[in-house]
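Dear colleague,

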Amino acid sequence: MAAIEHVYAREILDSRGNPTVEVVLETDDGAQGLGLVPSGASTGEAEAWECRDGNKSRYNGKGVLDAVNAVNEIIAPAIIGMDATNQRALDQKMIEMDGTMNKGHLGANAILGVSLAALYAAAESADLPLYHYIGGTNAHILPVPNMNILNGGAHADSNVDIQEFMISPYGFNTFSEALRAGVEVYHTLKNVLKERHLNTGLGDEGGFAPDLQSNAEAIDLIIESIEKCGYKPGKQIGICLDAASSEFYNAKEKAYRFEGKLRDVDWMLNYYENLVHTYPIVSLEDPFAEEDWEAWQKITAVLGNEIQLVGDDLLVTNPQRLQKAIDLKAANSLLVKLNQIGTVSETLDAIELATRHSFTSMVSHRSGETPDTTIADLAVAKNTRQIKTGAPARGERIAKYNRLLEIEEELGTAAEYAGYSAFKRATKL
């Protein structure tokens, strides 16, 4: 037993310069855990509630002192003496203390900070790296890095509708080789943009954010960059897209404002089909809005056997919404974000449910990140085979990639790179 002895929260800043919560938790055996909470820009309506102060005179209303106080004044006194290694009991205690369906009393950012800090303290108490503490001896598969190298939508100030254009270097023998290839393509893309006199400024997740004539032009630029590096699109490096379509969905018109016009579901479905059959796209995230379940059913029936259809805003790492998607045959992949659900235990439950029903899982960062590397260890711990953590730029993104390099080195000959096994459409050389 590692009894919780001390819990303290403070307000810090995330990668966008907005306040977030940091929690320090100490146990009676000298172990210490640190929980850093990320925040999203493109957020699902069904996500767990993020507690913000709303005081416009301070951080434009985005302060998190209320969440900090919830930890220090309400949660901390109630969990002192509990066993940090009993993650499920600790998380359940906080869920019960909150008493709402969406962490709407204490705030998911308060609860997750404590949940993560306890996880790290327990791992330190057991003298185990986090991936082994969570996943046991079977934690050994390094994930394919889905690298967001061109940003649009809510992650950039550009006219590009699709939020993320990612490269997935699956055709390599090791994670380190795959990462190197992705970095080479990223830097080559910058040169390609410069040659066309396009903007090379960066979006929230480190990808370039140029204004373009169309969304497809972004893919063309990426394909050109892959080829200029000497790699084969579709054979070694595939394309993943995050449409984040809830951001351009017009609920009143029940249509999508895409490339300057309102488009109905059938038009969008046809558009996605054409993209998939034109380019080496292996994954498509949030092609339809978070409550447009019928549209999700349609695209899953049409493209579900060819590519990965990832639910982010649709599923929000929530086992209940995931079960609904399973029952309706809407989507075939879960995006995993700890702060969408608010505890480590519920996150692990969502991954387990996805795996039981043959859904893939892509562990993901948020656009407002911290130097925390939990998602790197989590992807290896659960052998999810995929991680999404931005471009190979900006310290908070690089931290996750560097952590995976460390894990690969620690595992040695036991390390296995997910490679082609990560995607059903990944075609070998």
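How many helices and strands does the chain have? In this model, which is a predicted one, the chain has 13 helices and 16 strands. The radius of gyration of the chain is 21 Å, close to the 22 Å that the globule rule gives for 429 residues, so the chain is as compact as a globular protein of that length. The C-alpha trace spans about 60 × 55 × 45 Å along its principal axes, and buried residues make up 60% of the 429 residues. Of the contacts in the chain with a separation of 6 or more, 71% are accounted for by residues 24 or more positions apart.

Next come two helix pairs, both of which involve helix H11. Two packed helices are described by the angle between their axes and the distance between the axes. For helix H9 (residues 319–328) and helix H11 (residues 344–356), the axes come within 9 Å and cross at roughly 15 degrees. Because angles under 35 degrees count as roughly parallel, H9 is roughly parallel to H11. The crossing of H9 and H11 is right-handed. On the H9 side the contact is made by Pro-319, Leu-322, Gln-323 and Ile-326, and on the H11 side by Glu-346, Asp-349, Ala-350, Leu-353 and Ala-354. Sorted by class, this contact of H9 with H11 has 6 nonpolar, 1 polar and 2 charged residues.

How do the axes of helix H2 (residues 87–98) and H11 cross, and within what distance do they come? These axes come within 8 Å and cross at roughly 110 degrees. Since 65 to 115 degrees counts as roughly perpendicular, H2 is roughly perpendicular to H11. Here Gln-87, Arg-88, Asp-91 and Ile-95 in H2 meet Val-344, Ser-345, Glu-346 and Asp-349 in H11, and by class the contact of H2 with H11 has 2 nonpolar, 2 polar and 4 charged residues. Glu-346 and Asp-349 of H11 are listed in the contact with H9 and also in the one with H2, which may be worth a look when you have the model on screen.

Thr-300 is found in helix H8 (residues 293–303). Is Thr-300 buried or exposed? Its relative accessible area is 13%, and because buried means under 20%, Thr-300 counts as buried. Leaving aside its neighbours within four places in sequence, Thr-300 is in contact with Leu-309, Lys-329, Ala-330 and Ala-331.

Leu-202 lies in the loop between H5 and helix H6 (215–228), and with a relative accessible area of 38% Leu-202 is partly exposed. Although Leu-202 and Asn-151 are 51 residues apart in sequence, they are 7.7 Å apart in space, C-alpha to C-alpha. With its neighbours within four places in sequence left aside, Leu-202 is in contact with Tyr-186, Gly-207, Phe-208 and Arg-394.

Asn-173 has its place in the loop between strand S6 (164–169) and helix H5 (175–195), where Asn-173 is exposed, with a relative accessible area of 66%. The C-alpha atoms of Asn-173 and Leu-130, which are 43 residues apart along the chain, are separated by 24 Å.

Methods. Residues are numbered from 1 along each chain as its sequence is written. This is a predicted model: local features need pLDDT of at least 70, side-chain atom pairs count only at pLDDT 80 or more; totals for chains, interfaces and linings use all residues. Side-chain values use heavy atoms; hydrogens and water are left out. Axes are lines fitted to C-alpha atoms, for helices over the stretch in contact, and angles run from 0 to 180 degrees between N-to-C directions. Helices (H or I, at least four residues) and strands (E, at least two) are DSSP runs, numbered from the N terminus. Angles under 35 degrees count as roughly parallel, over 145 as roughly antiparallel, 65 to 115 as roughly perpendicular and the rest as oblique. A crossing is left-handed if the near helix is turned anticlockwise from the far one by less than a right angle, and right-handed if clockwise. Contact means heavy atoms within 4.5 Å. Ala, Val, Leu, Ile, Met, Phe, Trp, Tyr, Cys and Pro count as nonpolar, Asp, Glu, Lys and Arg as charged, and the others, Gly among them, as polar. The radius of gyration is taken over C-alpha atoms; the globule rule is 2.2 Å times the number of residues to the power 0.38. Buried means under 20% relative accessible area, exposed over 50%, partly exposed in between (1.4 Å probe, protein chains only).
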